[in-house]
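Please open the structure in your viewer and keep the selection panel at hand. The tour below goes from one selection to the next and says what is found at each stop.

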Amino acid sequence: MNRQGRPTTPHAAANSAATGTLTGNRGLQMEEALLFEMGQDGRTGVDLPDAPKVKDRLGGLRRAGKIGLPGLSEPQVIRHFVRLSQKNYSIDAGLYPLGSCTMKHNPRLNEKMARLPGLGDVHPLQPVSTVQGALQVIDTLAGWLKTLTGMPAVAMSPAAGAHGELCGLMAIRAALKARGDVRKRILAPESAHGTNPATAALCGYTVDPIPATADGRVDLEALQAKLGPDVAAIMLTNPNTCGLFERDIKKVADMVHAAGAFFYCDGANFNAIVGKVRPGDLGIDCMHINLHKTFSTPHGGGGPGSGPVVLSDSLKDFVPVPYVVHGKDGLTLVESGDTKSFGRMKSFHGQMGMFIRALAYMMSHGADGLKRVAEDSVLSANYVLASLKDIMSPSFEGPCMHEALFDDRFLKDTGVTTLDFAKAMIDEGYHPMTVYFPLVVHGAMLIEPTESESKDSVDTFVNTLRGLAEKAIAGGENVAMFQAAPQLTPRRRLDETRAARSPVLRWKPGSNGAPIDKAAAE
Amino acid sequence: MRYLGLTEADRRDMLETIGVSSIDALFKDVPAGALNPRLDLPPHQGELEVERAFAAMAKKNVSPMDVPFFLGAGAYRHHIPAAVDHLIQRSEFLTSYTPYQPEISQGTLQYLFEFQTQVSMITGMEVANASMYDGATSAAEAVLMAQRITKRSKAVLSGGLHPHYRDTVATLMDQTDQPHVAAPVDLAGNEDLSTLIDDQTACVVVQNPNVFGHLRDLTSLAKACQAKGALLVVAVTEITSLGLITPPGAMGADIVVAEGQSIGVPLSFGGPYVGLFATREKYVRQMPGRLCGETVDQEGRRGFVLTLSAREQHIRREKATSNICTNSGLCALAFTIHMSLLGEAGLTRLAEINHGKAVQLAEKLAEMKGVAVVPQAFYNEFAITLPKPAAGVVEKLVEKKILGGVPASRLFPGDKSLENVLLIAVTETNTEGDMDKLVAALKEVL
Amino acid sequence: MTTRYSKDHEWIRLEGDVATVGISDYAQSQLGDVVFVDLPAKGKTVDAGAEVAVVESVKAASEVYAPAGGEVVETNQAIVDDPSLVNRAAQTDGWFVKLKLSNKAELDALMDQAAYDAYLKTL
């Protein structure tokens with residue numbers, strides 16, 4: 001029961017007048033039907049030649065009947081998706097302070113490089129002699145990652161952060177097995193991302209939570225008490241999900257190693273220390289790196305990501321296949337035959353498109369610029385913390401790292417919840433911060449401004465939050481405004497309860513133009 | 001530095017507001033000696049310099065644009081309409097996050113709903129999720145899902161399953177020492193998996209068309225699974241095939257997993273791609289991955305939200321259906337747009353062209369001495385046997401500026417029986433001239 | 001019959017040999033709108049403290065533990081068909097399962113109404 005205070009149906013009282021236009025459009029905000037409601041037979045958005053006249057060799061398995069896909073022209077398709085795009089918030093449109101997600105600027109140079117002929121269009125199974133440049137991209141990126149983290153090896157194939165976690169735990173399991181050791185427990189702080197316990201469970205481990213101290217760090221005494229011969233690893237995010245640097249991290253590493261266990265560091269928050277601190281100097285054994293956070297590959301509405309994992313000497317022999325090595329005729333791929341490797345995690349060699357983008361970002365910044373990234377992201381977060389600490393309620397003493405954590409004490413007895421506060425930000429033109437995570441503080445608001453923002457932009461943001469906090473604290477009529485928010489968006493609060501109780505997960509023939517049950521929503 | 005927003009004056013002002021004298025004071029919790037290491041990396045560069053470096057690397061590769069090209073084996077070269085790449089680069093799609101705030105994410109949510117619908121339709125299934133990393137990880141997740149549903153552990157893997165899929169499943173199952181039975185490699189395309197199904201079997205995973213190109217009717221296998229209480233998982237690596245052939249849903253599949261790359265997603269040396277995942281409605285709460293559902297907003301207007309998220313890691317933590325946190329958002333968008341452009345008529349025509357050209361090339365190759373086309377029934381890819389090892393032949397073809405297919409030994413290293421087997425894929429991008437060049441070059445090489 | 005409570009917020013009420021189990025009104029209010037309930041098969045035997053059902057709301061998922069051990073003799077289809085019944089009537093019509101207890105003495109370890117009310121005040 002971890003999201004207390006987050007209503008999942010709209011406030012009953014908070015209704016306002018409907019749009020009042022004939023079309024339902026509001027100026028540039030266009031209503032848009034589903035593709036399936038606009039299609040017509042005999043229309044298409046592609047021109048293809050006639051198929052060769054041959055006797056088919058389908059073995060009698062030709063599809064019977066229609067698929068049901070709608071027919072649309074190219075202008076219809078373009079207009080449809082442009083209209084949809086206009087219903088989204090984006091980094092390119094405004095500050096996106098989503099804590100723990102590192103919504104930084106996504107350079108367009110990255111996109112251009114990923115589409116170069118010879119990079120964007122090569123096949124993963126071409127003979128290695130014909131893809132030396134592609135292997136060089138992987139190898140060069142691997143080199144940057146190893147140098148920036150101070151670690152001797154990196155597994156490149158994991159497809160996302162959570163996939164990287166899986167890679168790390170698989171390597172740990174393989175290393176334990178190689179020494180004839182079977183261990184069953186993983187320790188993780190209560191503030192951990194949900195992926196940590198979920199990944200541990202996938203690998204057959206039970207998860208044992210470690211409590212935090214009053215200042216938001218791992219409780220060393222509690223950790224010592226939990227360590228034992230059945231502990232395989234600790235999974236610790238650093239900087240942690242409260243936005244704090246784990247100042248006892250080297251002690252944690254020593255304690256974990258003394259117990260024969262491994263130290264998995266969740267690198268989700270690497271942006272705070274990139275170029276500034278090498279995790280390898282802190283005693284960790286492995287860490288995933290979200291290229292879509294620290295290294296600016298686009299979030300794309302939820303992926304694709306990429307999660308390479310750096311590994312210590314004690315784990316590097318167990319890397320997944322495939323990996324790139326330097327051979328006598330240049331670079332080559334080891335795809336099989338490595339008996340120590342724990343195996344394969346996905347098709348082919350990893351998220352090449354993301355590697356190119358991340359490397360373009362790194363080369364653009366260089367060592368000097370990456371250090372500046374960490375410094376500016378930490379500076380901006382502390383500036384937000386310092387500017388709002390008198391009116392909102394910071395959960396911990398500063399300094400913080402790249403994100404500032406507040407809780408809902410400043411909203412106590414106002415009738416305004418964290419969710420209401422977040423939704424009011426939307427009407428002010430901001431994407432809300434991360435809310436209700438981490439779970440260790442009540443009504444959490446986790447703000448990560450990133451290094452991409454100018455001071456003017458951060459100042460405007462801070463002033464907006466201050467204004468909203470003043471309104472909430474003043475109460476009275478303002479409360480209804482918060483509860484009704486957002487009012488200026490393409491859609492207002494949505495009924496999540498209804499969506500989950502009777503799931504409608506696809507359009508079906510016959511539901512075309514079905515009237516929406518307005519009464520049920522009110 | 002062009003991507004950073006603060007000036008030196010800004011930094012000084014901000015430090016003053018914070019009340020510290022230097023930025024390093026904000027890093028006071030970092031252990032002594034670990035701050036500001038010397039990094040042996042080059043300094044920052046302008047766009048022009050970075051472009052030059054990448055152009056040099058790109059030039060070292062042979063682009064499929066420049067040579068006759070016949071590679072497949074799980075990743076296929078197709079033409080992508082210009083509108084697809086234009087639309088996915090719109091800021092509002094490219095630079096937005098997971099749609100956790102639905103009021104300002106209806107664009108992403110609606111296309112996910114449309115994607116789920118398209119995937120359900122082409123696979124012939126009732127529901128689909130909002131995508132996974134790729135086809136192979138979808139297959140691994142399908143096995144875990146079948147274990148949850150059947151409360152059994154064993155997975156039977158077809159000998160025609162792409163080895164990357166087989167190995168991805170095996171790696172995940174090995175973590176918890178779950179049994180899996182990989183059937184012998186099925187070059188002939190006549191394996192009978194029903195004998196391997198017992199009352200401990202959670203699922204059978206079979207690929208159609210399989211890795212050697214064989215197209216098979218899976219109806220009797222579905223019945224054999226059903227009789228033993230096991231689920232049938234069907235993997236599809238070439239999704240355009242479903243424009244022409246009977247979908248797995250119509251053959252009795254319980255879960256369909258697929259690689260969606262062929263629709264809208266460039267080859268990009270193997271990733272990122274988009275895993276498709278579809279199943280029956282009754283299993284939806286055991287399905288992994290993100291799901292988008294229809295609902296209404298407080299004014300009663302139709303809208304979309306992420307739903308059934310109590311299955312997922314951010315709420316369920318160690319009891320989640322999967323540890324997966326992302327989908328393959330932008331690739332799913334590319335798929336949705338390309339599929340919208342194709343429509344019923346376009347997808348059907350595209351599949352007819354792919355199949356027709358593959359038949360043409362198969363017939364040309366079958367006439368060559370010492371060459372045999374392995375599958376009788378296939379879609380756009382087929383194995384051929386050569387009189388000598390295929391890997392060497394492919395290298396010789398490279399010298400003749402032809403990328404001539406994938407030697408089976410690349411996927412099944414060490415398997416002597418497959419040494420002379422070459423996998424050849426043909427798509428709408430191949431011209432008749434390409435095919436003639438391949439045939440002529442093979443005649444010289446063999 | 002008296003109702004007893006576990007620290008995990010399940011209630012149990014014994015009538016004859018058979019005890020009815022559900023989640024407390026406090027538990028449903030913390031979960032928020034219940035959207036899905038997964039009940040065990042009839043005939044399943046559970047120990048005290050073992051998971052007997054799962055309840056999901058939009059924002060949380062929770063296991064329901066058996067406050068005492070026994071055999072599942074009946075399950076409440078009504079909450080499967082209409083999960084909102086758990087919110088509306090958690091301690092009456094929104095019950096989860098009926099257990100034929102293997103050891104009635106296990107009930108003695110649970111809280112009565114007064115003790116549970118006091119326990120809630122400490123949370």
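Begin by displaying chain B together with chain C, between which one residue pair is in polar contact, with both residues at pLDDT 80 or more (a pair of N or O atoms within 3.5 Å; within protein, one must be able to donate a hydrogen and the other to accept it, and residues adjacent in sequence count only if both atoms are side-chain atoms). On the side of chain B that touches chain C, there are two nonpolar, one polar and three charged residues (Asp, Glu, Lys and Arg count as charged, Ala, Val, Leu, Ile, Met, Phe, Trp, Tyr, Cys and Pro as nonpolar, and the others, Gly among them, as polar).

This is a predicted model, in which local features need pLDDT of at least 70 and side-chain atom pairs count only at pLDDT 80 or more, while totals for chains, interfaces and linings use all residues. Residues are numbered from 1 along each chain as its sequence is written, chains are lettered from A and ligands numbered from 1 in the order in which they are written, and side-chain values use heavy atoms, with hydrogens and water left out.

Next, select B:Arg285 and C:Glu56, which form a salt bridge whose closest N and O atoms are 3.4 Å apart (a side-chain nitrogen of Lys or Arg within 4 Å of a carboxyl oxygen of Asp or Glu). The count of salt bridges between chain B and chain C is one. Widening the selection to the whole contact (heavy atoms within 4.5 Å) brings in six residues from chain B and eleven residues from chain C.
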